[in-house]
Amino acid sequence: MFPGAEEYGVELTVDERAVDRLLAATPADVDPAPALTFSRNVFLPLTTACRYTCTYCTYYDVPGQASLMSPEEVEEMLRMGADAGCTEALFTFGDKPDARYEAIHDQLAEWGHDSIVDYLYEMCELALDVGLLPHSNPGDLVESEFARLREVNASMGVMLETTADVAAHSGGRKKTPGQRLNTIRAAGETGVPFTTGLLVGIGETWRDRAESLLAIRGLHERYGHVQEVIVQNVVPNERSSFERPSVETMRRVVAMARVALPEEVSVQVPPNLSPTSSLLDCGVDDLGGVSPVTDDYINPDYAWPALRELEDLASEAGVPLHERLPVYERYLGEEWVSDRVRAAIAADTDAGARYRACLSDASVTRA
Ligand SMILES: O=c1nc2n(C[C@H](O)[C@H](O)[C@H](O)CO)c3cc(O)ccc3cc-2c(=O)[nH]1
Ligand SMILES: C[C@H]1O[C@@H](n2cnc3c(N)ncnc32)[C@H](O)[C@@H]1O
Ligand code: MET
Ligand code: SF4
């Protein structure tokens, strides 16, 4: 059992033989992917205030400096994204900031919202109106929150990070493996196409990496909702002294992920943080959301590569590069995506045409 898992009722037992199999996996065991995909997004950091204090993170604010993006600021960025041909509005921000900061709570109340999730819902509606498909990664949520947000999101996500109880997750309120697993479970229970992943190099062991991947596989086997798994290396910053994992380490974790996960689940590495070209033969098939207009606000020192560089990566690997939507095509049926989001994709509008241009078979949603 993982730390805290019992408390949340996520019953996942560790299969020792499966762990051993994964620990033996190497890049030689996997076939390179036949194609690479990416999505074009605009990044909306609604707030840098956060109830947690992960020591690897430079994103969260020190107390007293916390603020919220206003609806006007959000709308301006959304329009910029839609004008630049993006399809995805990526909402990523501090976890439940209103639970820790009165100033955030009061600002939300002034704008007519009883929680950050309520504000997020309205900003997702705005994104759909402007012509972008929301993918929200707001941190730990419970089932009722997913049930509501799925109406206005094409897909959602939260990084598992690790199933290990690492010192990097510190503070009065902190990420726990049990709560992360419960978040991924709740997304499955409510039928939300989901992105999760590992953060590599935060104090976890090789065995922890194998167990983390098996936990994700276990939840996917139960619900079928995991569309992709991100294998992200920690990047050092002024707040902490984590060492960047070596290329060899990343190659082995990516291969492990490919061996651990069923074929339909994509393995993603972020091209601005990883030695991507050295990972492509280890089973990577997705480069994630890449923004032509906004910074990576979580790791602002690492600029997004231009589309041209993604094309170079793909041609170096000898495979085609395809632009995809934030929701993978196999989830476009009504059991996964709300009528409202499906209608946006099928609509006879500029945005609808932009979305459908990313589908391999445009008739899927027109029918
Ligand atoms: O630009 C980023 N995108 C991140 N993404 C976005 C991702 O690249 C795309 O939005 C998805 O592939 C959906 O298209 C995340 C999405 C999640 O659901 C969970 C975690 C992440 C982490 C990052 C990240 O650190 N930087
Ligand atoms: C959105 C995701 O960003 C990741 N994240 C947070 N801080 C860092 C860092 N220093 N390096 C790499 N990834 C980081 C976490 O995995 C989080 O879930
Ligand atoms: C900025 S980190 C991404 C969203 C959330 N705070 C999490 O850690 O899951
Ligand atoms: S990684 Fe996310 S949860 Fe952790 S401190 Fe940063 S913003 Fe908060």
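**Entry 1: E161**

I began with E161, which is found in the loop between β5 (155-157) and β6 (169-170), and I noted at the outset that I am working from a predicted model. I looked up the backbone angle of E161 and found a positive phi of about 70 degrees, although E161 is not a glycine. I wrote this down because most residues other than glycine have a negative phi.

**Entry 2: K96**

I counted 20 other C-beta atoms within 10 Å of K96, so K96 is buried.

**Entry 3: the annotated cysteines**

I looked up which residues the UniProt annotation "binding site" covers, and the record, an unreviewed entry, gives C50, C54 and C57. As I understand it, such annotations may be inferred rather than shown by experiment, and I keep that caution beside the record.

I located C54 in strand β2 (residues 53-54), and I noted that C54 is buried, with 22 other C-beta atoms within 10 Å. Which residues does C54 contact, if I leave aside its neighbours within four places in sequence? I found A168, H169 and K175.

I placed C57 in the loop between β2 and α2 (71-83). C57 has 19 other C-beta atoms within 10 Å, so I recorded C57 as partly exposed.

**Entry 4: helices α6 and α7**

Last, I examined a pair of helices, remembering that two packed helices are described by the angle between their axes and the distance between the axes. The axes of α6 (residues 177-189) and α7 (residues 206-223) come within 9 Å and cross at roughly 20 degrees. Angles under 35 degrees count as roughly parallel, and α6 and α7 are therefore roughly parallel to each other. I also noted that the crossing of α6 and α7 is right-handed.

Which residues meet where α6 and α7 are in contact? From α6 I listed L181, I184, R185, G188 and E189, and these meet A215, L219, R222 and Y223 in α7. Sorting this contact by class, I found five nonpolar residues, one polar residue and three charged residues.

Terms used. Residues numbered from 1 in each chain as written. Chains lettered and ligands numbered in written order. Predicted model: local features only at pLDDT ≥ 70, side-chain atom pairs only at ≥ 80, totals over all residues. Helix = DSSP H or I, 4+ residues; strand = E, 2+ residues; numbered from the N terminus. Buried ≥ 20, exposed ≤ 12 C-beta atoms within 10 Å, placed from the backbone. Contact = placed C-beta atoms within 7 Å. Axes fitted to C-alpha atoms, helices over the stretch in contact; angles between N-to-C directions. Parallel < 35°, antiparallel > 145°, perpendicular 65-115°, else oblique. Left-handed = near helix turned anticlockwise from the far one by under 90°. Nonpolar A, V, L, I, M, F, W, Y, C, P; charged D, E, K, R; others polar.
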